[in-house]
Amino acid sequence: MRWTLALVILLGAAVSAQRSSVYDSERQVRLEGAVTRVEWVNPRAFLFIDVRDASGVVANWAVEFGNPIELERNKWTRQSVRIGDLVTVEGVPARGPARQALARSIVHKATGKRLFESSTARPAVARTAPAPRWPDGQLRLGPSPGQKGYWAGGGARNLFDSTAKDIRMNDEGLLQNLADADRVAPMQAWAKAIYLHRQRTLLKDDPIGACMPPGGPRQFQMPNGVQFIEQRELGRVLVLIGGGNRNWRVIYTDGRAQGQAAEVVLTYYGSSVGRWEKDTLIVDSIGYNERFWFTNGGLPHTEALHLTERFSRPDLNTLRYDVTVDDPRTYTRPWTGGWTLQWVAGEDIEEYFCEEGKTP
Amino acid sequence: MRKAGACLIGAIVALAALAAAQEGHPLTGTWSGDWGPGAAQRTHITMVMAWDGKTVSGTINPGPDQVPVSAIALDVTNWTVRFDADAKSASGPVRISAEGRLDDIASAHRTITGTWRQGTAKGDFKLTRD
(Lines give C-alpha, C1' and ligand atoms only; values in the text may rest on other atoms or scores of the structure.)
Protein backbone atom coordinates (compact mmCIF):
# COMPACT_ATOMS: atom_id res chain seq x y z
CA MET A 1 0.00 0.00 0.00
CA ARG A 2 1.32 3.36 -0.91
CA TRP A 3 0.61 6.21 1.42
CA THR A 4 0.98 9.64 0.03
CA LEU A 5 1.49 13.14 1.25
CA ALA A 6 0.30 15.95 -0.96
CA LEU A 7 0.78 19.58 -0.17
CA VAL A 8 -1.37 21.98 -2.09
CA ILE A 9 -0.95 25.72 -2.05
CA LEU A 10 -4.29 27.47 -2.04
CA LEU A 11 -3.91 31.21 -2.05
CA GLY A 12 -6.73 33.07 -0.45
CA ALA A 13 -8.26 30.05 1.22
CA ALA A 14 -10.08 30.89 4.39
CA VAL A 15 -9.91 28.94 7.61
CA SER A 16 -12.43 29.18 10.37
CA ALA A 17 -10.12 27.95 13.07
CA GLN A 18 -9.11 30.42 15.75
CA ARG A 19 -5.44 29.58 15.45
CA SER A 20 -4.05 31.94 12.82
CA SER A 21 -0.70 32.29 14.52
CA VAL A 22 -0.29 28.51 14.64
CA TYR A 23 -1.80 27.38 11.34
CA ASP A 24 -1.25 28.78 7.87
CA SER A 25 -4.66 29.22 6.32
CA GLU A 26 -3.06 30.00 2.96
CA ARG A 27 -2.04 26.37 2.55
CA GLN A 28 -3.80 23.05 2.65
CA VAL A 29 -2.42 19.63 3.43
CA ARG A 30 -3.71 16.15 2.65
CA LEU A 31 -2.32 13.33 4.74
CA GLU A 32 -2.86 9.60 4.59
CA GLY A 33 -1.53 7.18 7.13
CA ALA A 34 -2.07 4.90 10.08
CA VAL A 35 -3.13 6.24 13.43
CA THR A 36 -0.41 5.79 16.05
CA ARG A 37 -1.92 7.67 19.00
CA VAL A 38 -5.02 9.59 20.03
CA GLU A 39 -4.87 12.31 22.67
CA TRP A 40 -8.37 13.07 23.89
CA VAL A 41 -7.47 16.26 25.71
CA ASN A 42 -9.70 19.27 26.23
CA PRO A 43 -9.72 21.81 24.66
CA ARG A 44 -8.06 20.25 21.64
CA ALA A 45 -8.02 16.61 20.69
CA PHE A 46 -5.14 15.28 18.62
CA LEU A 47 -4.54 12.16 16.68
CA PHE A 48 -1.13 11.17 15.36
CA ILE A 49 -0.53 9.42 12.08
CA ASP A 50 2.51 8.01 10.36
CA VAL A 51 2.72 9.50 6.89
CA ARG A 52 5.03 8.19 4.20
CA ASP A 53 6.18 10.72 1.62
CA ALA A 54 6.96 10.08 -2.04
CA SER A 55 10.56 9.11 -1.21
CA GLY A 56 9.42 6.53 1.34
CA VAL A 57 10.38 8.46 4.43
CA VAL A 58 7.86 8.09 7.26
CA ALA A 59 7.08 11.04 9.52
CA ASN A 60 4.66 11.28 12.40
CA TRP A 61 2.13 14.12 12.11
CA ALA A 62 0.03 15.62 14.89
CA VAL A 63 -3.49 16.35 13.69
CA GLU A 64 -5.64 18.67 15.78
CA PHE A 65 -9.30 18.01 15.18
CA GLY A 66 -11.46 19.82 17.66
CA ASN A 67 -12.74 20.24 21.15
CA PRO A 68 -13.55 16.85 22.72
CA ILE A 69 -16.73 18.16 24.29
CA GLU A 70 -18.08 19.39 20.99
CA LEU A 71 -16.90 16.18 19.35
CA GLU A 72 -18.81 14.14 21.91
CA ARG A 73 -21.93 16.13 21.15
CA ASN A 74 -21.44 15.15 17.53
CA LYS A 75 -21.29 11.45 18.51
CA TRP A 76 -17.52 11.12 18.28
CA THR A 77 -16.08 8.92 20.99
CA ARG A 78 -12.61 7.77 21.89
CA GLN A 79 -13.47 4.54 20.09
CA SER A 80 -14.31 6.26 16.81
CA VAL A 81 -10.81 5.72 15.57
CA ARG A 82 -8.41 3.00 16.69
CA ILE A 83 -4.66 2.67 16.67
CA GLY A 84 -3.64 1.28 13.30
CA ASP A 85 -6.68 2.59 11.41
CA LEU A 86 -5.86 4.15 8.08
CA VAL A 87 -7.27 7.65 7.73
CA THR A 88 -7.21 10.48 5.25
CA VAL A 89 -6.92 13.95 6.72
CA GLU A 90 -7.52 17.18 4.90
CA GLY A 91 -6.65 20.35 6.72
CA VAL A 92 -4.41 23.31 7.26
CA PRO A 93 -0.71 22.83 8.07
CA ALA A 94 1.11 24.57 10.89
CA ARG A 95 3.36 27.49 10.13
CA GLY A 96 7.02 26.58 10.15
CA PRO A 97 8.57 23.14 10.05
CA ALA A 98 6.34 21.38 12.60
CA ARG A 99 4.55 18.30 11.29
CA GLN A 100 1.22 19.43 12.59
CA ALA A 101 -2.11 20.17 10.96
CA LEU A 102 -5.57 21.37 11.85
CA ALA A 103 -8.09 18.95 10.36
CA ARG A 104 -11.02 20.04 8.29
CA SER A 105 -12.04 16.48 7.66
CA ILE A 106 -10.96 13.02 8.64
CA VAL A 107 -12.12 10.01 6.61
CA HIS A 108 -11.74 6.36 7.58
CA LYS A 109 -9.93 4.94 4.55
CA ALA A 110 -11.31 1.40 4.72
CA THR A 111 -14.97 2.31 5.09
CA GLY A 112 -15.04 5.76 3.55
CA LYS A 113 -16.86 6.95 6.65
CA ARG A 114 -16.36 10.62 7.39
CA LEU A 115 -15.20 10.67 11.00
CA PHE A 116 -14.91 14.39 11.44
CA GLU A 117 -15.70 17.58 9.61
CA SER A 118 -15.01 21.02 11.01
CA SER A 119 -18.00 23.23 11.35
CA THR A 120 -18.60 26.83 12.21
CA ALA A 121 -22.21 26.12 13.00
CA ARG A 122 -23.44 27.67 16.22
CA PRO A 123 -25.50 25.70 18.73
CA ALA A 124 -29.14 25.41 17.85
CA VAL A 125 -31.28 28.08 19.42
CA ALA A 126 -33.74 26.79 21.94
CA ARG A 127 -37.37 27.77 21.70
CA THR A 128 -37.70 31.41 22.60
CA ALA A 129 -39.47 32.40 25.77
CA PRO A 130 -39.47 35.27 28.24
CA ALA A 131 -36.37 35.69 30.36
CA PRO A 132 -36.67 33.99 33.76
CA ARG A 133 -37.09 36.16 36.85
CA TRP A 134 -36.65 35.94 40.60
CA PRO A 135 -39.79 35.94 42.77
CA ASP A 136 -39.42 39.69 43.28
CA GLY A 137 -39.43 40.23 39.53
CA GLN A 138 -35.72 40.89 39.04
CA LEU A 139 -34.25 39.41 35.90
CA ARG A 140 -32.20 36.24 36.21
CA LEU A 141 -28.91 35.95 34.31
CA GLY A 142 -28.76 32.24 35.01
CA PRO A 143 -31.27 29.41 34.63
CA SER A 144 -34.68 29.06 36.18
CA PRO A 145 -34.86 26.88 39.31
CA GLY A 146 -34.42 23.24 38.39
CA GLN A 147 -32.89 24.11 35.04
CA LYS A 148 -29.35 24.56 33.89
CA GLY A 149 -27.62 26.35 31.08
CA TYR A 150 -24.90 28.79 30.17
CA TRP A 151 -24.07 31.51 27.68
CA ALA A 152 -21.95 30.85 24.61
CA GLY A 153 -21.61 31.97 21.02
CA GLY A 154 -24.43 33.25 18.96
CA GLY A 155 -22.76 35.37 16.36
CA ALA A 156 -19.80 37.66 15.97
CA ARG A 157 -18.28 38.69 19.27
CA ASN A 158 -15.68 41.20 18.24
CA LEU A 159 -15.15 44.39 20.13
CA PHE A 160 -14.99 47.64 18.21
CA ASP A 161 -16.41 51.12 18.51
CA SER A 162 -20.14 50.83 17.83
CA THR A 163 -20.06 54.06 15.83
CA ALA A 164 -17.98 52.25 13.20
CA LYS A 165 -19.70 50.23 10.50
CA ASP A 166 -18.61 47.36 8.32
CA ILE A 167 -15.41 46.43 10.12
CA ARG A 168 -14.64 42.92 9.03
CA MET A 169 -12.55 40.72 11.29
CA ASN A 170 -12.44 37.02 11.98
CA ASP A 171 -13.28 35.28 15.25
CA GLU A 172 -9.80 35.98 16.53
CA GLY A 173 -10.18 39.70 15.93
CA LEU A 174 -7.85 39.78 12.95
CA LEU A 175 -8.82 42.59 10.62
CA GLN A 176 -9.53 41.75 7.01
CA ASN A 177 -8.23 45.20 6.15
CA LEU A 178 -5.61 46.84 8.36
CA ALA A 179 -6.74 50.24 7.11
CA ASP A 180 -9.79 49.77 9.36
CA ALA A 181 -7.61 50.00 12.48
CA ASP A 182 -8.46 53.65 13.00
CA ARG A 183 -12.14 52.80 13.18
CA VAL A 184 -11.83 49.87 15.57
CA ALA A 185 -11.27 52.19 18.51
CA PRO A 186 -10.08 55.78 19.02
CA MET A 187 -6.52 54.80 19.84
CA GLN A 188 -3.67 57.06 20.78
CA ALA A 189 -0.70 56.87 18.41
CA TRP A 190 1.29 54.45 20.56
CA ALA A 191 -1.73 52.20 21.03
CA LYS A 192 -2.44 52.07 17.32
CA ALA A 193 1.20 51.19 16.63
CA ILE A 194 1.06 48.35 19.14
CA TYR A 195 -2.30 47.16 17.80
CA LEU A 196 -1.01 47.11 14.22
CA HIS A 197 2.12 45.26 15.31
CA ARG A 198 -0.05 42.60 16.94
CA GLN A 199 -2.26 42.36 13.88
CA ARG A 200 0.67 42.11 11.48
CA THR A 201 2.25 39.37 13.56
CA LEU A 202 -1.04 37.43 13.55
CA LEU A 203 -1.49 37.80 17.30
CA LYS A 204 1.43 35.46 17.94
CA ASP A 205 2.28 37.20 21.22
CA ASP A 206 -1.24 36.95 22.58
CA PRO A 207 -0.89 36.23 26.32
CA ILE A 208 -3.80 33.84 26.06
CA GLY A 209 -1.48 31.57 24.10
CA ALA A 210 0.53 31.30 27.32
CA CYS A 211 -2.70 30.50 29.17
CA MET A 212 -3.01 33.91 30.81
CA PRO A 213 -6.57 34.72 31.93
CA PRO A 214 -9.06 36.38 29.55
CA GLY A 215 -9.75 39.50 31.58
CA GLY A 216 -12.20 42.23 30.60
CA PRO A 217 -14.67 41.75 27.73
CA ARG A 218 -12.59 38.88 26.45
CA GLN A 219 -14.10 36.55 29.03
CA PHE A 220 -17.31 36.84 26.99
CA GLN A 221 -15.52 36.09 23.73
CA MET A 222 -14.13 32.74 24.78
CA PRO A 223 -15.54 29.77 22.87
CA ASN A 224 -16.42 27.71 25.95
CA GLY A 225 -18.91 30.24 27.25
CA VAL A 226 -19.71 31.73 30.65
CA GLN A 227 -22.09 30.93 33.46
CA PHE A 228 -23.60 33.33 35.97
CA ILE A 229 -24.10 32.22 39.56
CA GLU A 230 -26.28 34.81 41.26
CA GLN A 231 -25.71 34.65 45.01
CA ARG A 232 -28.24 37.25 46.08
CA GLU A 233 -27.97 36.37 49.75
CA LEU A 234 -24.26 37.19 49.57
CA GLY A 235 -24.73 40.26 47.40
CA ARG A 236 -22.61 39.06 44.53
CA VAL A 237 -22.65 37.46 41.12
CA LEU A 238 -20.00 34.94 40.17
CA VAL A 239 -19.06 34.70 36.53
CA LEU A 240 -17.65 31.27 35.74
CA ILE A 241 -15.47 31.55 32.68
CA GLY A 242 -15.41 28.48 30.49
CA GLY A 243 -12.48 29.67 28.44
CA GLY A 244 -10.05 30.36 31.23
CA ASN A 245 -8.34 27.90 33.49
CA ARG A 246 -11.53 27.31 35.47
CA ASN A 247 -11.40 31.03 36.28
CA TRP A 248 -14.14 32.98 37.94
CA ARG A 249 -14.88 36.63 38.53
CA VAL A 250 -16.82 38.27 41.36
CA ILE A 251 -19.24 41.16 40.79
CA TYR A 252 -20.39 42.63 44.09
CA THR A 253 -24.01 43.74 44.08
CA ASP A 254 -24.31 44.53 47.80
CA GLY A 255 -24.15 48.27 47.34
CA ARG A 256 -20.53 48.70 48.26
CA ALA A 257 -18.62 51.58 46.72
CA GLN A 258 -15.99 51.00 44.10
CA GLY A 259 -12.47 51.18 45.49
CA GLN A 260 -10.13 54.00 44.68
CA ALA A 261 -8.13 53.11 41.60
CA ALA A 262 -4.80 53.83 43.26
CA GLU A 263 -5.60 51.47 46.14
CA VAL A 264 -7.06 48.52 44.28
CA VAL A 265 -4.77 45.55 43.84
CA LEU A 266 -4.35 45.14 40.10
CA THR A 267 -5.68 41.86 38.75
CA TYR A 268 -6.76 40.18 35.51
CA TYR A 269 -10.47 40.49 36.24
CA GLY A 270 -10.36 43.80 38.09
CA SER A 271 -12.54 45.04 40.91
CA SER A 272 -16.21 44.95 39.96
CA VAL A 273 -19.32 46.40 41.59
CA GLY A 274 -22.74 46.11 40.00
CA ARG A 275 -26.22 47.50 40.36
CA TRP A 276 -29.50 46.75 38.67
CA GLU A 277 -31.29 49.47 36.75
CA LYS A 278 -34.61 47.98 35.74
CA ASP A 279 -33.64 44.94 33.65
CA THR A 280 -30.00 45.86 33.13
CA LEU A 281 -27.10 44.91 35.37
CA ILE A 282 -24.56 47.72 35.20
CA VAL A 283 -21.08 46.74 36.32
CA ASP A 284 -18.28 49.19 37.02
CA SER A 285 -14.77 47.72 36.99
CA ILE A 286 -11.30 49.12 37.62
CA GLY A 287 -8.04 47.71 38.89
CA TYR A 288 -6.79 45.80 35.87
CA ASN A 289 -3.17 44.83 35.43
CA GLU A 290 -1.45 45.16 32.06
CA ARG A 291 -0.52 41.53 31.59
CA PHE A 292 -3.35 40.49 29.32
CA TRP A 293 -5.23 41.54 26.19
CA PHE A 294 -8.70 42.64 27.23
CA THR A 295 -10.24 41.68 23.89
CA ASN A 296 -9.33 39.44 21.00
CA GLY A 297 -7.46 41.15 18.19
CA GLY A 298 -4.94 42.77 20.51
CA LEU A 299 -6.35 46.15 21.53
CA PRO A 300 -4.00 47.49 24.22
CA HIS A 301 -4.84 48.97 27.60
CA THR A 302 -3.11 50.37 30.67
CA GLU A 303 -3.74 50.19 34.40
CA ALA A 304 -6.11 53.13 33.93
CA LEU A 305 -8.63 50.88 32.19
CA HIS A 306 -12.16 51.52 33.45
CA LEU A 307 -14.96 49.36 32.10
CA THR A 308 -18.68 49.89 32.38
CA GLU A 309 -20.49 46.73 31.35
CA ARG A 310 -24.21 46.39 30.74
CA PHE A 311 -25.92 43.01 30.82
CA SER A 312 -29.50 42.58 29.74
CA ARG A 313 -31.60 39.59 28.72
CA PRO A 314 -34.36 40.51 26.30
CA ASP A 315 -35.56 36.90 26.19
CA LEU A 316 -34.67 33.47 27.49
CA ASN A 317 -32.06 32.82 24.82
CA THR A 318 -30.38 36.17 24.41
CA LEU A 319 -27.86 37.98 26.57
CA ARG A 320 -26.96 41.45 25.39
CA TYR A 321 -23.48 42.54 26.44
CA ASP A 322 -22.29 46.12 25.99
CA VAL A 323 -19.13 47.59 27.39
CA THR A 324 -17.83 51.14 27.54
CA VAL A 325 -14.05 51.31 27.50
CA ASP A 326 -12.53 54.32 29.22
CA ASP A 327 -8.74 54.34 29.32
CA PRO A 328 -7.45 57.87 28.75
CA ARG A 329 -3.86 56.62 28.64
CA THR A 330 -4.67 54.47 25.62
CA TYR A 331 -7.74 55.94 23.88
CA THR A 332 -8.62 59.50 22.98
CA ARG A 333 -12.19 59.16 24.28
CA PRO A 334 -14.44 56.55 25.88
CA TRP A 335 -16.03 54.19 23.39
CA THR A 336 -18.61 51.43 23.45
CA GLY A 337 -19.04 48.10 21.75
CA GLY A 338 -20.88 44.88 22.37
CA TRP A 339 -22.51 41.72 21.10
CA THR A 340 -25.02 39.08 22.05
CA LEU A 341 -24.54 35.65 23.54
CA GLN A 342 -26.84 32.71 23.16
CA TRP A 343 -28.32 30.50 25.86
CA VAL A 344 -27.22 26.88 25.78
CA ALA A 345 -30.04 25.14 27.60
CA GLY A 346 -29.68 22.03 29.72
CA GLU A 347 -25.91 22.05 29.95
CA ASP A 348 -23.16 23.40 32.16
CA ILE A 349 -19.89 24.81 30.92
CA GLU A 350 -17.39 22.05 30.61
CA GLU A 351 -14.03 21.41 32.17
CA TYR A 352 -11.26 23.24 30.39
CA PHE A 353 -7.59 23.54 31.16
CA CYS A 354 -5.64 25.71 28.79
CA GLU A 355 -2.35 24.05 29.67
CA GLU A 356 -3.62 20.82 28.19
CA GLY A 357 -4.24 22.51 24.89
CA LYS A 358 -0.63 22.35 23.82
CA THR A 359 0.36 19.78 21.28
CA PRO A 360 0.86 16.62 23.37
CA MET B 1 13.16 20.17 54.04
CA ARG B 2 9.48 20.85 53.45
CA LYS B 3 10.06 24.50 54.31
CA ALA B 4 12.92 24.69 51.83
CA GLY B 5 10.70 23.12 49.19
CA ALA B 6 7.97 25.65 49.89
CA CYS B 7 10.50 28.47 49.61
CA LEU B 8 11.71 27.07 46.30
CA ILE B 9 8.17 26.84 44.96
CA GLY B 10 7.54 30.37 46.18
CA ALA B 11 10.64 31.59 44.41
CA ILE B 12 9.61 29.84 41.19
CA VAL B 13 6.14 31.37 41.41
CA ALA B 14 7.68 34.79 42.04
CA LEU B 15 10.01 34.42 39.08
CA ALA B 16 7.11 33.29 36.91
CA ALA B 17 5.17 36.37 37.97
CA LEU B 18 8.12 38.58 37.14
CA ALA B 19 8.39 36.93 33.76
CA ALA B 20 4.78 37.78 32.90
CA ALA B 21 4.48 40.19 30.06
CA GLN B 22 3.62 43.83 30.50
CA GLU B 23 1.24 44.80 27.74
CA GLY B 24 0.58 48.51 28.39
CA HIS B 25 2.55 51.48 27.13
CA PRO B 26 5.83 50.12 25.77
CA LEU B 27 8.06 52.43 27.86
CA THR B 28 6.33 51.96 31.20
CA GLY B 29 8.37 50.09 33.78
CA THR B 30 11.80 49.75 35.30
CA TRP B 31 14.73 49.38 32.94
CA SER B 32 18.31 48.52 33.77
CA GLY B 33 21.53 48.29 31.83
CA ASP B 34 24.74 50.18 31.37
CA TRP B 35 26.27 53.12 29.58
CA GLY B 36 29.75 54.30 28.87
CA PRO B 37 32.15 55.77 26.34
CA GLY B 38 33.25 52.33 25.18
CA ALA B 39 33.17 48.62 25.91
CA ALA B 40 35.91 48.84 28.54
CA GLN B 41 34.26 51.50 30.67
CA ARG B 42 30.68 50.75 31.64
CA THR B 43 28.46 52.16 34.36
CA HIS B 44 25.29 50.52 35.62
CA ILE B 45 22.10 52.49 35.12
CA THR B 46 18.50 52.07 36.28
CA MET B 47 15.75 54.05 34.64
CA VAL B 48 12.09 54.12 35.65
CA MET B 49 9.50 55.40 33.20
CA ALA B 50 5.76 55.95 33.48
CA TRP B 51 3.05 57.04 31.02
CA ASP B 52 0.20 59.26 32.24
CA GLY B 53 -1.70 59.42 28.98
CA LYS B 54 0.05 62.51 27.66
CA THR B 55 3.70 62.36 28.60
CA VAL B 56 6.29 59.83 29.60
CA SER B 57 8.13 60.77 32.78
CA GLY B 58 11.33 59.19 33.93
CA THR B 59 13.97 59.01 36.62
CA ILE B 60 17.54 57.79 36.30
CA ASN B 61 18.96 55.86 39.25
CA PRO B 62 16.07 56.51 41.66
CA GLY B 63 17.29 57.25 45.17
CA PRO B 64 19.37 59.94 46.84
CA ASP B 65 21.36 60.67 43.68
CA GLN B 66 18.52 60.35 41.22
CA VAL B 67 18.42 62.35 38.04
CA PRO B 68 15.02 63.39 36.70
CA VAL B 69 14.57 62.98 32.99
CA SER B 70 13.32 66.27 31.61
CA ALA B 71 11.96 64.93 28.34
CA ILE B 72 11.19 61.55 26.84
CA ALA B 73 9.83 61.20 23.33
CA LEU B 74 8.77 58.00 21.62
CA ASP B 75 8.39 57.93 17.85
CA VAL B 76 6.10 54.98 17.18
CA THR B 77 6.69 55.12 13.44
CA ASN B 78 10.16 53.70 13.93
CA TRP B 79 10.19 52.90 17.67
CA THR B 80 12.94 55.38 18.49
CA VAL B 81 13.21 56.98 21.91
CA ARG B 82 14.86 60.27 22.83
CA PHE B 83 15.80 61.28 26.38
CA ASP B 84 17.07 64.51 27.87
CA ALA B 85 18.23 64.77 31.48
CA ASP B 86 20.08 67.35 33.52
CA ALA B 87 22.66 65.79 35.79
CA LYS B 88 24.29 67.68 38.63
CA SER B 89 27.95 68.55 38.51
CA ALA B 90 30.27 70.81 40.45
CA SER B 91 29.84 73.49 37.85
CA GLY B 92 26.07 73.15 37.65
CA PRO B 93 23.60 71.11 35.62
CA VAL B 94 24.93 69.18 32.67
CA ARG B 95 22.59 68.21 29.85
CA ILE B 96 22.63 64.54 28.83
CA SER B 97 20.91 63.62 25.57
CA ALA B 98 20.34 60.11 24.35
CA GLU B 99 18.61 58.42 21.47
CA GLY B 100 17.91 54.75 21.07
CA ARG B 101 15.79 52.15 19.38
CA LEU B 102 13.12 50.12 21.12
CA ASP B 103 13.37 46.48 20.11
CA ASP B 104 11.40 43.33 20.80
CA ILE B 105 8.35 45.34 21.79
CA ALA B 106 6.22 42.28 22.40
CA SER B 107 8.54 41.04 25.11
CA ALA B 108 8.33 42.01 28.77
CA HIS B 109 12.11 42.28 28.55
CA ARG B 110 12.24 44.59 25.58
CA THR B 111 15.36 46.64 25.03
CA ILE B 112 16.45 50.14 24.16
CA THR B 113 19.85 50.43 22.51
CA GLY B 114 21.42 53.68 21.40
CA THR B 115 23.89 56.48 21.93
CA TRP B 116 24.26 59.37 24.38
CA ARG B 117 26.04 62.67 24.45
CA GLN B 118 27.10 64.86 27.39
CA GLY B 119 28.88 67.98 26.21
CA THR B 120 31.76 66.71 24.12
CA ALA B 121 31.64 63.23 25.64
CA LYS B 122 29.63 60.52 23.96
CA GLY B 123 29.08 56.81 24.04
CA ASP B 124 26.46 54.09 23.90
CA PHE B 125 23.95 52.52 26.23
CA LYS B 126 21.66 49.51 26.46
CA LEU B 127 18.62 49.18 28.68
CA THR B 128 16.52 46.08 29.23
CA ARG B 129 13.11 46.23 30.82
CA ASP B 130 13.12 44.31 34.11
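A residue is called buried here if 20 or more other C-beta atoms lie within 10 Å of its own, exposed if 12 or fewer, and partly exposed in between, with C-beta atoms placed from the backbone. These legends describe a predicted model, in which local features need pLDDT of at least 70 and side-chain atom pairs count only at pLDDT 80 or more, while totals for chains, interfaces and linings use all residues. Residues are numbered from 1 along each chain as its sequence is written, and chains are lettered from A and ligands numbered from 1 in the order in which they are written.

**View 1. Thr330(A) in its loop.** Thr330(A) counts as buried because it has 26 C-beta neighbours inside 10 Å. Look for Thr330(A) in the loop between strand 15 (318–326) and strand 16 (335–345) of chain A; helices (H or I, at least four residues) and strands (E, at least two) are DSSP runs, numbered from the N terminus. Beyond its neighbours within four places in sequence, Thr330(A) is in contact with Met187(A), Gln188(A), Ala191(A), Pro300(A), His301(A) and Thr302(A), where contact asks for C-beta atoms, placed from the backbone, within 7 Å. Leu299(A) sits 31 residues away along the chain, with 9.4 Å between its C-alpha atom and that of Thr330(A).

**View 2. Helix 3 of chain A and what covers it.** This helix takes in residues 189–200, 12 residues in total, and spans 16 Å from first C-alpha to last, close to the 16 Å expected at 1.5 Å a residue; the expected span is 1.5 Å times one less than the number of residues. Its buried residues are Trp190(A), Ala191(A), Ala193(A), Ile194(A), Tyr195(A) and Arg198(A). Their cover includes helix 2 (181–184) of chain A and strand 4 (67–75) of chain B. Just past the helix, Leu202(A) has a positive phi of about 55°.

**View 3. The largest nonpolar core.** A nonpolar core is a set of buried Ala, Val, Leu, Ile, Met, Phe, Trp, Tyr and Cys residues joined through C-beta atoms within 7 Å. The largest one has 64 residues, and those with the most contacts inside it are Trp151(A), Ala185(A), Leu27(B), Ile72(B) and Val81(B). Helix 3 of chain A gives the largest share of this core, five residues. Another core, of 23 residues, lies apart from it and includes Val29(A), Leu102(A), Ala103(A) and Leu115(A). Zooming in on Val81(B), you will find that it touches Leu27(B), Ile72(B), Leu74(B), Gly100(B), Leu102(B) and Ile112(B), leaving out residues up to four places away in sequence.

View 4. Strand 6 (residues 100–108) and strand 7 (residues 114–117) of chain A run antiparallel and are joined by three bridges; two strands pair if DSSP finds at least two bridges between them. Ile106(A) has Phe116(A), in strand 7, as its bridge partner. Five residues lie between the two strands of this hairpin, where Gly112(A) takes a positive phi near 75°.

**View 5. Where chain B meets chain A.** Here 14 residues of chain B are in contact with 18 residues of chain A. The chain B side has eight nonpolar, four polar and two charged residues, with Ala, Val, Leu, Ile, Met, Phe, Trp, Tyr, Cys and Pro counted as nonpolar, Asp, Glu, Lys and Arg as charged, and the others, Gly among them, as polar. Chain B itself has one helix and eight strands, and 22% of its 130 residues count as buried.

Terms used
Two residues are in contact if their C-beta atoms, placed from the backbone, lie within 7 Å.
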